[in-house]
Each structure stands twice: as C-alpha cells, then as structure tokens.
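Trainee: Could you take me on a close look at one part of this model, the charged surface and the side-chain pairs that go with it? I would enjoy a connected walk-through.

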Amino acid sequence: MMASASARQGPKIVSKSSAGGAGAAGVGGPPVMPLASPLMGKKKKPFLGMPAPLGYVPGLGRGATGFTTRSDIGPARDANDPVDDRHAPPGKRTVGDQMKKNEDEEEDLNDTNYDEFNGYAGSLFSSGPYEKDDEEADAIYAALDKRMDERRKERRELREKDEIEKYRMERPKIQQQFSDLKRKLSEVSEEEWLSIPEVGDARNKRQRNPRYEKLTPMPDSFFSKHLKTGENHTTVDPLQGLGGLSTPYPGSMTPGTGELDMRKIGQARNTLMDMRLSQVSDSVSGQTVVDPKGYLTDLNSMIPTHGGDISDIKKARLLLKSVRETNPHHPPAWIASARLEEVTGKLQVARNLIMKGTEMCPKSEDVWLEAARLQPGDTAKAVVAQAVRHLPQSVRIYIRAAELETDIRAKKRVLRKALENVSKSVRLWKTAVELEEPEDARIMLSRAVECCPTSVELWLALARLETYENARRVLNKARENIPTDRHIWIMAAKLEEANLNAQMVDKIIDRAITSLRANGVEINREQWIQDAEECDKAGSVTTCQAVIRAVIGIGIEEEDRKHTWMEDSDSCVSHGALECARAIYAHALQVFPSKKSVWLRAAYFEKNNGTRESLEALLQRAVAHCPKAEVLWLMGAKSKWLAEDVPAARSILALAFQANPNSEEIWLAAVKLESENNEYERARRLLAKARSSAPTARVFMKSVKLEWVLGNIAAAQELCTEALKHYEDFPKLWMMRGQIEEQGENMDKAREAYNQGLKKCPHSGGLWLLLSRLEERVGQLTRARAILEKARLKNPQIPELWLESVRLEFRAGLKNISNTLMAKALQECPNSGILWAEAVFLEARPQRKTKSVDALKKCEHDPHVLLAVAKLFWSERKISKAREWFLRTVKIEPDLGDAWALFYKFEQQHGTEEQQEEVRKRCENTEPRHGELWCNESKHVLNWQKKTAEILAGVAGKIKNTF
C-alpha cells in the first residue's frame with residue numbers, strides 16, 4: 001500500500017524513486033511503461049489532498065533515503081542576486097543582505113547567554129529605531145563612564161599591580177620554581193656530568209660514524225684526457241636521470257662537444273696578475289711598489305670586497321649601461337657606472353668610463369671631480385685643468401686643483417688664479433688666507449671684504465689681525481654692511497674688553513640688542529647664552545657677564561623666571577662656563593633678594609666652584625637679605641671655622657642669635673664650635689642656657705653626649721634621667737642611657753634601660769638591635785633570637801631587623817637557617833637594598849653574580865646594591881670594573897660613609913697614591929654621616945673629635961677582605 005501511494009504522489013516522488021530508490025529500475029534499463037489497469041479510472045483516495053502526517057518521509061519504506069532535491073532546499077540563489085521586491089530600501093536589495101539581517105535579528109537563546117537575574121544578555125530595544133536622542137544619551141553615558149573610570153584609574157592600576165605581584169609570589173612560574181635547581185647545575189662536576197647515561201642512538205653504524213668526503217684537487221691533464229675518452233657513452237649517466245638520456249644535467253658540459261681550452265685558462269691567470277699589478281702601482285709616479293715576498297700571500301685580497309653576488313653586479317652593469325645609452329647626458333649614470341667598476345676592482349674600466357662621461361657631460365662639476373678622484377697624480381691635474389676650461393666659475397674644481405698640488409707656492413698660485421675668475425667665493429678666500437703669513441693675510445682679507453662684504457667670518461678675521469683703532473673701524477664698516485649679525489657686536493665688545501675699556505662693553509651689548517631689533521632680528525635667548533659661554537671659555541669675562549645681563553630676561557614669563565634661571569645656571573656649570581653661571585646667579589639675586597632658595601643655590605655654587613672669599617662675601621649679603629635663614633648663618637660660621645678664624649665664627653653665630661633667638665640649630669652649632677676648639681666650659685654654659693631658653697630633645701641629647709665623651713658619667717646619667725622625664729618617647733636618649741651602662745659593664749641596668757625604652761618606643765629599630773646584641777654578647781643566643789623575632793612581629797617592614805636576624809644565625813654557624821630567614825626577609829621587604837646586598841654574599845661564590853643581577857633588577861639605584869656589586873668585582877680581581885662601580889656608588893649616594901671607606905681600602909690595595917688622595921679629598925669635601933661601619937667608628941665616644949679623614953682611615957683599616 002505504501003509503495004502504491006508513493007507511486008501515485010506526483011513528480012517529486014517519481015524523481016526520487018527513479019534517482020536512487022530500491023524499487024527503481026537500474027541505470028540503462030528499459031523504461032517503465034504505465035500499467036493499463038482498472039485502478040486508473042477509480043475515484044481518488046480521500047488522503048491525497050491532505051498534508052503528510054508528522055515525521056512522514058516519502059519513500060522511507062522502500063529505503064529511499066540519504067539524498068535531497070532542489071525542491072527540499074528551495075531555489076538556488078546567489079548572495080548577490082536581487083530580491084523579489086523591486087523597490088526594496090538600501091541594505092535590503094540582495095539575498096545576502098536579507099540573510100545578514102535575519103542572522104542579526106536572531107536572538108541568542110543559548111544557556112550560556114542566560115542569567116538568573118538579568119535574563120538573556122543583550123539590549124531589550126535593539127530592534128527599535130536608533131534616533132538622535134538615543135545617540136545623545138549614549139554619548140552622555142559614555143562620558144560619565146569615562147570620567148568615573150579616570151577617577152578610579154590610579155587606584156585600580158595600583159590594586160591590579162599589587163594583585164599581580166601577590167599572584168606571582170603565590171603562584172610562581174615553572175621557570176622561577178626551578179631557578180634554584182638550574183643554578184645548582186653549576187656545582188655539577190665534569191665527572192658527574194659525563195657519568196649521566198646517554199640516550200640510545202637508533203641510527204646504524206654508517207650514520208653514527210660518517211666518513212668525511214675527501215676532496216683532492218685534480219690536474220688539468222686529467223680533465224682533458226677524460227673529455228676525449230668520454231665521447232662514446234655506453235651507460236646512462238646518473239646525473240642525467242633528471243633530464244632524460246640525451247639532455248645533460250644542468251651545469252655540466254655537454255658530452256662530446258670539444259676540448260677544455262687550457263690556453264684560455266692561462267690567459268685568465270695572466271689577466272688576473274696584470275690587474276693586480278696595475279692596482280698596486282703608485283698613483284703618483286706610476287712606479288710599482290710590489291713586495292716580492294708578500295705578493296703571493298697578498299693575492300688573497302684579490303677577492304672583491306663589495307659583498308655582492310656576481311649576478312647582481314652583472315645586472316647593475318647592464319642597468320647602468322641602459323641608462324647611459326638612453327640618456328647619455330645624465331651625469332649620475334656615468335658616476336655610478338665608474339664607481340661600480342671601481343668597487344669590483346676594474347679601476348682602468350672605471351677611469352675610461354668617467355672620461356667618456358666628461359666628454360658627454362662637460363658642464364657637470366660632479367663628473368669632473370669624480371674623474372679627478374679616479375685618475376692618478378699628474379693625470380688628475382690634467383683632468384682638473386681641462387675641467388677649469390669647461391667650468392671657469394666652479395669653486396669646487398679650483399679647491400680640488402689646489403689639493404692636488406703638493407707645493408705651498410703652487411697651491412697659492414692656483415688659488416690666486418681661482419680668485420681672479422671667482423672673486424665672490426668666500427670659501428676660496430678663506431682657503432687662500434689660511435696659506436698666507438699674518439701680514440699677507442691681512443692684505444688679502446682687506447681685499448676679500450671688498451669682494452664679499454656680506455661674509456661675517458672674513459670681517460671678523462680681518463678685525464683680529466688689525467690694530468685696536470683699525471679693528472674698530474673694520475667692525476663699524478662690517479656693521480654697516482651686515483646690520484643683522486650679532487657676532488660683529490660681540491666681537492666689538494670683546495675688543496673693548498681686551499683693551500681695558502670695560503665700561504664700553506655693556507653699552508655695546510645694549511646697543512646691539514636695540515640695533516638688531518630695529519633691523520627685524522629676533523633675539524634668540526639660547527643662542528646669546530651660547531655666545532656668552534664661548535666668551536667665558538675665551539677669557540672675555542666682562543663681555544660674557546654683559547651678554548647674560550642683557551638677554552637673561554628675554555622671552556620668559558614672570559612666574560617662570562626663577563625656575564628657568566636656575567636651569568640655565570646648572571646648564572652653564574655642566575658646560576664649564578662658571579662665569580656665566582655666576583652672572584646668572586647675580587642677576588637672579590638682584591631680582592629675588594629675599595628668596596632663601598636662590599641664595600642657597602648661589603652659596604653652594606661658590607662653595608663648589610669659587611674661593612672662600614667669594615663664598616663669605618656672598619653669605620654676608622645673603623644673611624643681610626634673609627636673616628631668618630639659619631642655614632646661611634651656619635654656612636658662614638663654618639667657612640670661618642674651617643679657615644681657623646674662630647672669633648669671626650663666634651661673631652657670626654652671635655649675630656645669628658640676635659636674628660633667631662631660640663633656634664636649636666644655632667645653639668647646637670655654637671656648642672659644636674666651642675667643643676671642637678676645646679672650650680668645654682663655654683660649651684657647657686651654652687648648653688645650660690639652651691636647655692633653659694630652648695629646651696628640645698636634641699639639646700638634651702647633646703648635653704648628655706658632651707658629659708659622656710668628657711668622662712663625666714655621673715653628670716651624663718643625671719642629665720639623661722632629667723631629659724627622659726620630659727622626652728620619654730625620644731629613643732636616642734634610651735639608647736645613650738643603655739650604652740652608658742654597657743660601658744660600665746652594668747649589663748642588668750643596660751637591659752632594663754633598653755626594655756623601658758622599648759615600652760615607650762616599640763617601633764625604634766635601633767633599640768631592638770642594641771638589646772639583641774647585648775643578649776648575644778652575654779651568651780644568651782636564644783634570648784637574642786627571641787627579641788629579634790618579637791621585634792620583627794611588631795615591625796615587619798624594618799629591613800635592619802631582618803638583616804640582624806640573618807647575621808645572628810650566620811654568626812652562630814647556622815647557615816641554612818640564615819638562608820631561610822633571608823628568603824623571608826626578601827618577601828617582606830622586596831625593595832630593601834641592604835638585604836639584597838647581604839644576600840649576594842650569602843650565596844656560594846659561583847651563584848653570586850646571578851644573585852647580584854636579581855638585586856640590580858629589584859633595586860637598580862640603591863647604593864648598597866651598587867656597593868655589593870663593586871665588592872663582587874673586587875673579589876674577582878676585576879679592578880677597572882670594581883673602580884667604575886665604586887665611583888657610581890659614591891656619585892649616587894655621597895653620604896654613605898661605608899662606600900667611601902671601601903673605595904679607599906680598594907685604592908690602597910690596587911690604586912696609586914694619587915688615586916688614594918683623590919678619594920680622601922672627595923670624602924672630606926662630602927663629609928658623609930651614614931653607613932653601618934662608618935657610624936660604628938664616628939659615633940664611638942673615643943673618636944668624637946676625629947676629622948673625616950681620620951675616620952676614613954680608621955674604617956678602612958678595620959675592613960678585611962672576607963668577601
């Protein structure tokens with residue numbers, strides 16, 4: 001029944017069954033004839049006009065599956081075909097546009113796009129029209145989002161950076177996890193390395209042990225013999241397998257086609273020899289200068305040095321030939337052709353080509369100059385003479401002709417002939433004047449300025465050679481001819497200064513500015529400052545200062561003056577123009593007489609670059625204008641004290657007291673002045689007066705220190721007790737109290753003082769360190785360790801506590817524990833230079849360099865890390881590198897005394913006396929105050945009166961090369 005229904009179902013079913021169904025006839029069989037049956041005339045079945053049931057597939061009962069027809073998928077239409085609607089709007093006129101629209105409109109109902117709170121992602125109104133109001137609203141929202149994002153940007157970036165660092169610390173890369181194991185590979189010995197078993201080699205014996213092909217040069221007779229015998233072939237050449245039986249392998253000779261021409265090989269060798277001989281001939285006289293012994297060895301240099309391929313040279317040669325033939329009057333083609341031949345070693349061909357170029361382009365200056373360059377000696381002179389006939393106005397050719405002459409008189413003759421033809425050339429005049437004596441040069445220059453009245457250089461050169469009166473006339477005439485050049489005015493000012501007419505210098509410079517502006521010249525401030533620097537270097541100080549005064553304020557806004565002038569002075573100092581910098585400071589101080597910062601900059605400039613007298617004169621003016629600036633008073637007093645003029649220093653401090661009655665700094669400076677000069681009673685009286693009128697913690701500390709160093713222990717303790725009643729949160733007082741007790745071997749009282757201090761000042765690293773060292777000194781290692789652990793818990797970010805813990809374990813011989821502690825310390829304080837410096841020398845010697853690289857990555861500009869690298873190079877005996885790193889360290893942090901002491905020790909071992917003296921002087925000028933080794937020496941009670949040089953020698957003497 002199913003089969004008959006399918007047979008009656010119209011053309012679609014018939015096509016399917018005939019195409020591949022099980023009941024269809026085979027391909028090429030007889031056509032199926034319709035059966036004449038009574039069924040044909042019966043009434044139609046009721047289901048024929050109805051739709052098929054759900055899931056019905058025609059022909060499925062017969063097995064007619066696995067294929068589709070065009071009627072199933074619709075008509076075949078290309079994406080670019082027009083749609084049926086002839087009046088469709090733009091964007092909907094092709095089938096592809098309609099398909100894109102349908103794809104865009106489909107909502108993504110995937111489970112991954114669903115959210116319990118928001119539903120499906122996407123806009124609810126995406127299908128609606130997008131109007132101008134919507135665009136404005138979107139722009140407003142976007143601006144708001146951008147503003148909110150900018151407000152949170154810095155915090156967000158910092159948070160992301162911290163999160164990334166934290167993530168990297170918690171989950172390091174595989175490479176970082178195995179870095180310590182990689183470094184341990186350096187400890188593997190050669191025997192252990194060789195004992196590692198090799199991976200099995202599966203290749204056969206011939207592959208494992210290849211025999212290298214031996215090549216032996218064959219004589220020419222061998223080739224000629226085998227060429228004759230190889231005319232009749234009875235076997236197929238294996239090289240001919242690629243091309244057939246008759247076609248030879250590419251690159252090989254066709255068999256049976258002649259002989260090897262030995263005569264041509266000999267000719268080629270002779271040509272090579274001739275070319276080599278012509279190349280080594282003397283370019284001046286043509287005589288050969290061949291060294292017979294080194295000739296054969298020198299033949300290796302016959303290989304062209306152009307670095308190109310032979311085929312590239314041939315292509316270039318062909319291309320240039322084509323250019324020459326198509327445009328023979330084009331000079332660059334001839335020059336390029338000649339240079340190509342010169343590079344490839346064919347010098348004679350190059351000469352012939354360029355001479356042909358001079359015939360084709362007789363008016364080209366470049367071709368003639370190239371010809372003169374390529375030709376030897378006298379031939380070049382002939383070429384230049386010919387060039388002058390064709391180009392009598394060419395300056396470059398005349399200059400080349402003068403260069404070819406070896407005799408001075410001949411050069412002068414050529415240049416004078418040139419000046420007859422080209423009298424307006426400044427270059428020719430300058431070249432000619434350089435060859436003359438001063439008197440002849442003056443005569444020539446007077447003629448030169450007539451011919452070239454607009455050349456500033458010629459006018460200035462003439463003014464230099466003339467007398468004072470004549471020079472003034474020359475410069476006046478130059479100003480008339482060239483009213484827009486500043487150099488003439490500056491030269492005039494220098495002339496007046498050289499003839500002791502200093503009052504005219506300022507007038508000339510002011511007149512110069514006025515005149516140049518009147519002639520429309522813009523005053524370029526930077527150019528004038530450069531001219532002033534040149535005047536300074538030439539010794540014209542007055543002119544330099546006049547120029548600075550005239551132009552320093554031009555083109556600067558009023559609020560930018562101070563900042564710009566300070567930058568200008570620094571720039572002049574860096575260029576070595578000290579008088580320019582001094583003039584800038586003088587002008588700035590006139591404009592800003594009450595600015596303390598400008599006075600300070602000027603004072604430091606005089607201290608570093610001037611004399612003591614200039615510094616003191618400046619400071620006297622400074623304190624008159626800024627009487628409240630304590631540092632200026634102190635600098636003046638110190639300058640007098642260093643000059644051993646103690647009464648003058650006292651008088652300066654007395655004046656400072658009047659201006660600043662209760663200044664702690666001035667009180668302490670007066671005390672230091674008296675104590676350094678052994679006036680202890682005056683110092684005590686001053687301190688007592690200071691404690692009554694300006695009581696501060698520092699004043700009390702200095703009072704205790706003075707009694708302590710003078711040996712009055714009881715008075716020091718009494719003062720310390722009194723001070724702690726007022727300033728119990730000042731840790732240095734507790735430290736001094738404990739140290740005084742330690743000095744008297746009262747360990748219990750010292751411990752009690754430190755403990756009391758830590759109750760009041762729990763965040764003082766120095767107190768924790770003193771207490772732990774006290775316990776270690778009395779043998780209580782466990783208690784010292786516990787104290788440091790407690791200190792680290794309260795102050796995890798103080799690197800000195802971690803460093804002391806590491807060193808404590810190292811001194812106790814527990815190196816593994818010290819390494820573990822160092823790793824924890826570097827996690828807590830990853831940017832601490834003192835920890836990284838210690839970590840470098842905790843490593844074994846082979847790993848120190850790697851550790852120093854890690855330290856430099858973390859703390860690139862930390863002086864302790866730079867010092868550790870210098871010590872590392874020192875330990876490896878790399879003297880020059882160590883010195884370079886020591887210099888870098890003291891430049892970055894000149895206040896680090898340890899660096900100066902190590903540098904001095906290094907120079908004592910490896911440097912000269914001059915280098916040692918230089919380090920000592922620089923250290924004295926810097927006066928460092930910090931550094932672990934330095935403070936241990938300088939703050940010791942027995943060394944309180946030692947100078948910087950003595951402390952430097954003492955610290956250097958205690959350093960041992962244990963690293």
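**Charges and their partners**

Mentor: Let's begin with Lys-947, which is partly exposed at a relative accessible area of 47%. Please keep in mind throughout that this is a predicted model. Lys-947 sits in the loop that runs between α50 (932-938) and α51 (948-958). On the surface, Lys-947 gathers with Lys-672, Lys-702, Lys-732, Arg-929 and Lys-939 in a patch of positive charge.

Helix α50 also carries Glu-932, and here the picture turns to pairing. Side chains of opposite charge can pair when their charged atoms come close. Glu-932 forms a salt bridge with Arg-807, with 2.8 Å between the closest N and O atoms. Because Glu-932 belongs to helix α50 and Arg-807 to helix α42, this pair ties together parts that are 125 residues apart in sequence. Glu-932 counts as partly exposed, at 38% relative accessibility.

Is Glu-804 buried or exposed? Its relative accessibility is 4%, so Glu-804 counts as buried. The side chain of Glu-804 is joined to that of Arg-811 by a polar contact of 2.9 Å.

The loop between α49 (913-926) and α50 holds Glu-927. Glu-927 is not a glycine, yet its phi is positive, at about 55°. With a relative accessible area of 26%, Glu-927 is partly exposed.

Let's return to the salt bridges, of which the model has 43. One of them brings together the side chains of Asp-570 and Arg-601, at 2.8 Å from N to O. That pair links distant parts of the chain, with Asp-570 in helix α28 (residues 561-574) and Arg-601 in helix α30 (residues 596-609), 31 residues apart. Asp-570 is partly exposed at 40% relative accessibility, and Arg-601 is partly exposed at 32%.

What about a pair within one helix? Asp-748 and Arg-751 meet through their side chains in a salt bridge of 3.1 Å, N to O. Because these two are three residues apart in helix α39 (residues 747-760), about one helical turn separates Asp-748 from Arg-751. Asp-748 counts as exposed, at 58% relative accessibility, whereas Arg-751 counts as buried, at 17%.

To finish, let's visit two other surface patches. Glu-131, Asp-133, Asp-134, Glu-135, Glu-136 and Asp-138 form a negative one. Among them, Asp-133 lies in helix α5 (residues 132-170) and is exposed, with 53% relative accessibility. A nonpolar patch of about 530 Å² is made by Leu-185, Val-188, Trp-193, Leu-194 and Ile-196. Ile-196 has its place in the loop between α8 (190-194) and α9 (205-208), where Ile-196 is partly exposed at a relative accessible area of 44%.

Key
Residues are numbered from 1 along each chain as its sequence is written. This is a predicted model: local features need pLDDT of at least 70, side-chain atom pairs count only at pLDDT 80 or more; totals for chains, interfaces and linings use all residues. Side-chain values use heavy atoms; hydrogens and water are left out. Patches are made of residues with over 30% relative accessible area and no salt bridge: like charges are joined within 9 Å, nonpolar side chains (Val, Leu, Ile, Met, Phe, Trp, Tyr) within 5 Å. Accessible areas come from the Shrake-Rupley method with a 1.4 Å probe; for residues, only the protein chains shown count as cover. A salt bridge is a side-chain nitrogen of Lys or Arg within 4 Å of a carboxyl oxygen of Asp or Glu. Lys and Arg count as positive and Asp and Glu as negative; His and the chain ends are not counted. The place of a charge is taken as NZ of Lys, CZ of Arg, CG of Asp or CD of Glu. Helices (H or I, at least four residues) and strands (E, at least two) are DSSP runs, numbered from the N terminus. Buried means under 20% relative accessible area, exposed over 50%, partly exposed in between (1.4 Å probe, protein chains only). A polar contact is a pair of N or O atoms within 3.5 Å; within protein, one must be able to donate a hydrogen and the other to accept it, and residues adjacent in sequence count only if both atoms are side-chain atoms.
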